[in-house]
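Please open the model in your viewer and keep the sequence panel beside it. The tour below moves from one selection to the next and says what is there.

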Amino acid sequence: MERAEKTKIWLYKNDYKTKENHPVKTGNGEIPKEALRGIVEKMKREGGDTVKIKAAAWEKVSKSGTPYLFITIEPDDKSDGKPDEVPF
């Protein structure tokens, strides 16, 4: 099976947070057609109402010096469907 391209998300500090229930970070993302296709194919194969995903995050700094969190997500293609153990 061909690996789908990853979905990408950029989260920056929410400078408009005025209440405790407002998000601390907000941002935008991109879902490539191949990534969406991979999610739909996984739903068709496995059935159910949800798709297990894998996520990864990096702390980065933009060219203008603004820190942000860069996140990628993709379908979790592990056969057992169990999440990885947390290494701490």
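**A first selection: the aromatic rings**

Select Trp58, which counts as partly exposed because its relative accessibility is 40%; here buried means under 20% relative accessible area, exposed means over 50%, and partly exposed lies in between, with a 1.4 Å probe and protein chains only. Before going further, note that this is a predicted model, in which local features need pLDDT of at least 70 and side-chain atom pairs count only at pLDDT 80 or more, while totals for chains, interfaces and linings use all residues. Residues are numbered from 1 along each chain as its sequence is written, and side-chain values use heavy atoms, with hydrogens and water left out.

A search of the whole structure finds 3 aromatic pairs, where rings of Phe, Tyr and Trp (its six-membered ring) pair if their centres lie within 6.5 Å, and planes under 30 degrees apart count as stacked, over 60 as edge-to-face and the rest as tilted. The ring centres of Trp58 and Phe70 are 5.8 Å apart and the planes stand at 40 degrees, so this pair is tilted. Because Trp58 lies in strand β3 (residues 53-61) and Phe70 in strand β4 (residues 67-75), the pair ties together parts that are 12 residues apart in sequence. Helices (H or I, at least four residues) and strands (E, at least two) are DSSP runs, numbered from the N terminus.

Then show Lys60, whose charged end sits over the ring of Phe70, 5.1 Å from its centre; the term requires NZ of Lys or CZ of Arg within 6 Å of the ring centre and within 35 degrees of the ring normal.

**Next: the helix**

Select residues 33-46, which make up helix α1; its 14 residues reach 20 Å from the first C-alpha to the last, close to the 20 Å expected at 1.5 Å a residue, the expected span being 1.5 Å times one less than the number of residues. Which residues of α1 are buried? They include Ala35, Gly38 and Lys42, and these cover an arc of only 55 degrees around the axis, which puts them on the same side of α1; the arc is that of the directions from the helix axis to the C-beta atoms. The buried residues of α1 pack against β1 (7-13) and β4, whereas the face turned away from the buried side carries the exposed residues Lys33 and Lys44. Just after α1, look for Gly47, which takes a positive phi of about 70 degrees.

Select Thr7, placed in strand β1 and buried at 5% relative accessibility. Leaving aside residues up to four places away in sequence, Thr7 touches Glu30, Ile31, Pro32, Ala35, Ile71, Thr72 and Ile73, with contact meaning heavy atoms within 4.5 Å. Move on to Asp15, in the loop between β1 and β2 (25-30), which is exposed, with a relative accessible area of 62%.

**Last: the whole chain**

Zoom out to see the protein chain, with its 1 helix and 4 strands, following the pattern β-β-α-β-β along the sequence. Buried residues make up 19% of the 88 residues in the protein chain.
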